[in-house]
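The points below are grouped by topic.

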Amino acid sequence: MKMKHREALLGYAYISPWLIGFVVLTLGPFVASFYLGFTQYNLLTAPKFIGLQNYIHILKDHDFWQSLYVTFYYAIFSVPLDLLVALVLAILLNQKVRFMRLFRTIFYLPAILPPVAVAILWNWILNPQYGILNRFLGILHLPQPQWLVTPQWTVPSFIVMSVWGVGTWMITFLAGLQDVPRSLYEAAVIDGASVWKKFWYVTLPMISPVLFFNLIMGLIGAFSYFTQAFVMGAGYGGRGAGINNAGLFYALNIYIQGFTELNMGYASALAWVLFFIVLLLTLLVFKSSSLWVYYGGEKE
Amino acid sequence: MTPQRLKLHAKALPMKPSSGRVGTRVSRLVVYLLLIGTSICFLIPFVWLILSALKSSDEIFVFPPVWLPKHWEWGNFGKALTALPFARYALNSIIIAVVNVIGNVVSCAFVAYGFARFRFPGRRILFMVLLATMMIPNQVLLVPQFILFHDLGWINTLLPLTVPAFFGSAFYVFLLRQFFMTIPPELEEAAMLDGAGSLRTFFTVVLPLVKPALTAVAIFSFQGAWNDFLAPLIYLNDPSKFTLQLGLSQFQGTFHTEWNLIMAATVVVMLPMLVIFFAAQRYFIEGITLTGTKG
């Protein structure tokens, strides 16, 4: 009994840094931000309780709808596209190729670079006149979009750039692929399975937990997308959010409201709407996961 | 044909009879072509970055753009780096990153060990809570955290960018806990029997066994702090306190048409991460592998 007590106390002692940090830096701010969402607050005078006014204003706020549109547009295309590219690259690397490490390094490298530097580099790559991407498209006689200079090509610019940074996902897929037991493939071959069937019935179910993890992280990442939006939008449009706010991502809108205009109450309300959207999407993926995520030994 | 190739064929043969050999060879060719093609696509931005950084102000605006500069302007680097106090920015970035590494490694090791080894009421729920915090978009916490640090008088200091690291980070705690779980408890029990206390056992027996994981945490937190933009943007106003990322972003705003200088500054800001990556690639990959697949 005494031993048990001692163990529990020691346990709490070890986790105490996180416990304190959780209360002060996460739980506290989490609750505070919920409360602030019902106030008007500019940091200089005390928060004024205004009930649901912030949330009513959100519904009529053009910037809110624009930021929601931009963010969904980006997420719907970039997350599946990036996951697909990452998976294909991982499958290629898993083919027992020579120079595998070299290829892996090349694909992974961009993912570790500072997002500010990456965004500035792509700003230049995507320059409609002097950038290298349009030069290539021109050589191939393909249309050369104006990228960040036109509203309709602003979000696609971010999507194109995101493909360059799929390295981390590729590494997780590769690790997942390497964990698939060889015996499963051998059994599939004996059964006469084609390459496609092997992929569909062996590879995909076996790496579905990794896909699930990446999908959740990808969604959260897409909905908190900020740095690149800030850095690349800075040169375009009056508010630094692209021409006609075409690059007004949700997190960028929160930043502008909270830290440029000092509408901290309103920014908190926006943040809570974001929280619910992300929560809803995450729950949806979790709920659906029983249909498509395979955990070894669970079914069969 | 090299012996290695032959071996591959020998392996492939029993699996795929007759026509398989040609099929395998063609599909391997396709795999290599795809890999090489994609590699080139992934490398071009780097090449374009470096070549742009070396062009003169006239050559950067040649239409259609050319690859190689006629005059290699090595002076661009010097010009870019002295235009803003980059040495000061670098120093600030290094201070922030190093303190973050220390804070995260120490606090996360303790917390992860607590979750991995001790039984206490609420352990399961608290660990679930820890994992759940990873799913809160940080925008939700941003405003109240800012108010908190503002009330503490920490705005425009490095404190909001360093102190939180000492309270652990869910992602690294998770990573380290996975490692601790693989250590057989008998090792610690033996040390305890020899009279070592819990802390001593932790430092002398357990930690040396998880050095690779600690290295991964150190690298990730360095990368996180070094690459961070949002927090410095919010908390630092005084240019003498800026980090490299803030400085680079400001550089782009100030020199918005001098792309050769902007690219030169970008190269320099990328360099430290590249050096660390090549020095410690193994730990990057192991760390990601562990969190991605064992989740």
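**Briefing on the predicted model**

Leaving aside residues up to four places away in sequence, B:Leu126 touches A:Ile15, A:Trp18, A:Leu19, B:Phe115 and B:Phe120. This is a predicted model.

**B:Leu126**

- B:Leu126 sits in helix 5 of chain B, which covers residues 123-133.
- With a relative accessible area of 19%, B:Leu126 is buried, because the cut-off for buried is under 20%.
- Between B:Leu126 and B:Ser39 there are 44 Å in space, C-alpha to C-alpha, and the two are 87 residues apart in sequence.

**Contact between chain A and chain B**

- Chain A contributes 94 residues to the contact, and chain B contributes 97 residues.
- Three residues, A:Tyr14, A:Trp18 and A:Trp124, supply 10% of the area that chain A buries against chain B, more than any other three residues.
- The two chains bury about 8700 Å² between them, and 79% of this is on carbon and sulfur atoms.
- Between chain A and chain B, 18 residue pairs are in polar contact, both residues being at pLDDT 80 or more.
- Helix 1 of chain A (residues 2-36) gives the largest share of the side of chain A that touches chain B, with 21 residues.
- That side of chain A has 71 nonpolar, 17 polar and 6 charged residues.

**Salt bridges**

- Over all chains, the whole structure has 6 salt bridges.
- Across the interface of chain A and chain B, the rule finds 1 salt bridge.
- The side chains of A:Glu7 and B:Arg119 meet in a salt bridge, at 3.8 Å from N to O.
- B:Arg119 lies in the loop between helix 4 (86-117) and helix 5 of chain B, and A:Glu7 lies in helix 1 of chain A, so the pair joins two chains.
- B:Arg119 counts as exposed, at 61% relative accessibility.
- Within chain A, A:Arg182 and A:Glu186 form a salt bridge whose closest N and O atoms are 3.7 Å apart.
- A:Arg182 and A:Glu186 are separated by about one helical turn, because they are 4 residues apart in helix 9 (residues 182-190) of chain A.
- A:Arg182 is partly exposed at 48%, and A:Glu186 is partly exposed at 38% relative accessibility.
- In chain B, B:Asp238 forms a salt bridge with B:Lys241, with the closest N and O atoms 3.8 Å apart.
- B:Asp238 is partly exposed, with a relative accessible area of 28%, and B:Lys241 is partly exposed at 26%.

**Domains of chain B**

- Chain B is divided into domain 1 (3-53) and domain 2 (80-293).
- The centres of domain 1 and domain 2 of chain B, taken over C-alpha atoms, are 37 Å apart.

Notes
Residues are numbered from 1 along each chain as its sequence is written. Chains are lettered from A and ligands numbered from 1 in the order in which they are written. This is a predicted model: local features need pLDDT of at least 70, side-chain atom pairs count only at pLDDT 80 or more; totals for chains, interfaces and linings use all residues. Side-chain values use heavy atoms; hydrogens and water are left out. Contact means heavy atoms within 4.5 Å. Buried area is the accessible area (1.4 Å probe) that two parts lose on being put together, summed over both. A salt bridge is a side-chain nitrogen of Lys or Arg within 4 Å of a carboxyl oxygen of Asp or Glu. A polar contact is a pair of N or O atoms within 3.5 Å; within protein, one must be able to donate a hydrogen and the other to accept it, and residues adjacent in sequence count only if both atoms are side-chain atoms. Ala, Val, Leu, Ile, Met, Phe, Trp, Tyr, Cys and Pro count as nonpolar, Asp, Glu, Lys and Arg as charged, and the others, Gly among them, as polar. Domain bounds come from an automatic or database domain assignment. Buried means under 20% relative accessible area, exposed over 50%, partly exposed in between (1.4 Å probe, protein chains only).
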